[in-house]
Amino acid sequence: MKTLIKNGNIVTAVDNYVGDILIDDETISLIGRRLDVQADRVIDASDKLVIPGGIDPHTHMELPFGGTFASDDFRTGTIAAAHGGTTTIIDFAVQYKGESLAQALDHWHRKAEGKPAIDYSFHLIITDLPDERLPEFKRVIHDDGVTSFKPFMAYPGAFLVDDGTIFKALSAAGEAGGLVCMHAENGIVINEMIKRALAEGKTAPKYHALTRPTKAEAEGTARAIAIAEMAGAPVYIVHLSCHDALLKVKEARDMGLPAYAETCPQYLFLDYTRYEQEGFEGAKYVMTPPLREKWHQDELWKGLRMDDLQVVSTDHCPFCFKEQKELGKDDFSKIPNGGPGVEHRLSLIYNGGVAGGRISLNRFVELVSTAPAKLFGLFPKKGTIAVGSDADIVIFDPKAEMTISAGTHHMNVDYNAYEGMRVKGVTETVLSRGKVIIDNGEYRGTPGEGRFLKRSTFGWKSW
Ligand code: URP
Ligand code: ZN
Ligand code: ZN
């Protein structure tokens, strides 16, 4: 099967030109100007951007949290992702206490089986690391292609692990070419602040934010970087939300340390005032880290521009407002943490970033596709438009506008955090390994055709 995409404005992290792309089955086979070739299908991309499929390296499909499960599974969540121009996700598999790393991966493979509409991979959440388990890192990195891990400094009693465990994970992963993704917050201090707030009768959603100050995130970030330095390993800070934490990453990078970080659209577009809304509305924004005061947003955009932040992921972890968020009606600490986002990342970042004059078109592609592909061992198969790369391609209309709404989104959740927001820049058509899965906004794929991706090691020393 040959597909020809004609006359598009092809944009990668470094290019911007008008051209044609010939796809042979799953792969890009030729790129040129006015290609005179036969194809089974021709797509006219005149006046459209043709960009590499988005890579969202931070999702939680069906994550167990606070007595419930994130409401998107690998079918609904990946169809929603595809609608928004994301063609690869990296989801977080959970290692339960007592499980080997291989058992944890097995469990997540079974969860995903037959469901993903797009290609996918796993990071591994580490909760239990006796010394005899350390050799398993080499096996999962080299044999299973799972090359990244997430220990948590937060959520005591659930995911939190101590600094010794974090040091061991960083050492074992780093030595085998893996990358540790850190949830960096001082969860022990936060836990005391939560107990104190509840004892004072402070139960409303806003206390979720007020008991998780930016200092707790900055302290966790600095500690994660220091432990990584002691372990001689790189570290990637996930869902960075505030200026205080960004300064710690910037300082480390200025010193030449291999410290990397992502932020997410919620921290670029939403702010603390959401928690001050009437009644229980604020529960929709109970996520960790919480939304911050608005002034942090400019600093995060600056971080994205200056490469102190390398990636925009979503941390997609939706819970329905009715029934799920309501578990914390009388106690904010029982509201399941997380929010929806996998569907609108490209439109939000294009609108706020490129149309908003904050970042270039090339930087946009780099943040949502190329940099995650490089950091997580998928480049150049994914994350760019080049001969030999997978034909994961998004035809994106930079002039079209849409209003984000739960009434029209495809995520399996009963609200949208960006409800009513008008954005410029809409995903029109999406190809996943050469197959059109979104055709002018309509899903034409088959759940289950997404493929598990074994990833390469993280070659930061040769960058
Ligand atoms: O609130 C969030 N972020 N929920 C998902 C779990 C995590 O910490 O990433
Ligand atoms: Zn986290
Ligand atoms: Zn997360």
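Glu62 sits in the loop between strand 6 (54-59) and strand 7 (64-65). Look at its backbone in this predicted model. Glu62 has a positive phi of about 55 degrees, and yet it is not a glycine.

Now turn to ligand 1. Which residues come nearest to ligand 1? There are 13 residues around it, and Lys150, Tyr155, Thr288, Asp315 and Asn337 come nearest. Some contacts can be picked out atom by atom. His60 places a polar side-chain atom 3.1 Å from an oxygen atom of ligand 1. The side chain of Tyr155 has an N or O atom 2.8 Å from an oxygen atom of the ligand. Thr288 uses its backbone instead: an N or O atom there lies 2.8 Å from an oxygen atom of ligand 1. How much of the ligand does the protein bury? Taken alone, ligand 1 exposes 270 Å², and the protein buries 100% of that.

Stay with Thr288 for a moment. Thr288 is joined to Pro289 by a cis peptide bond, with omega at about -5 degrees. Where is Pro289? Find it in the loop between helix 9 (265-269) and helix 10 (296-305). Pro380 belongs to the loop between helix 12 and strand 16 (393-403).

Two packed helices are described by the angle between their axes and the distance between the axes. Take helix 11 (residues 345-355) and helix 12 (residues 361-375). Their axes come within 10 Å and cross at roughly 150 degrees. The crossing of helix 11 past helix 12 is right-handed.

Which residues meet there? Helix 11 brings Arg345, Leu346, Ile349, Tyr350 and Val354. Helix 12 brings Leu361, Phe364 and Val368. What kinds of residue make up this contact? Seven are nonpolar, none is polar and one is charged.

Definitions and conventions
Residues numbered from 1 in each chain as written. Chains lettered and ligands numbered in written order. Predicted model: local features only at pLDDT ≥ 70, side-chain atom pairs only at ≥ 80, totals over all residues. Heavy atoms only, no water. Axes fitted to C-alpha atoms, helices over the stretch in contact; angles between N-to-C directions. Helix = DSSP H or I, 4+ residues; strand = E, 2+ residues; numbered from the N terminus. Left-handed = near helix turned anticlockwise from the far one by under 90°. Contact = heavy atoms within 4.5 Å. Nonpolar A, V, L, I, M, F, W, Y, C, P; charged D, E, K, R; others polar. Near = heavy atom within 4 Å. Polar contact = N/O pair within 3.5 Å; in protein donor to acceptor, adjacent residues only side chain to side chain. Areas by Shrake-Rupley, 256 points an atom, 1.4 Å probe, with all protein chains shown as cover.
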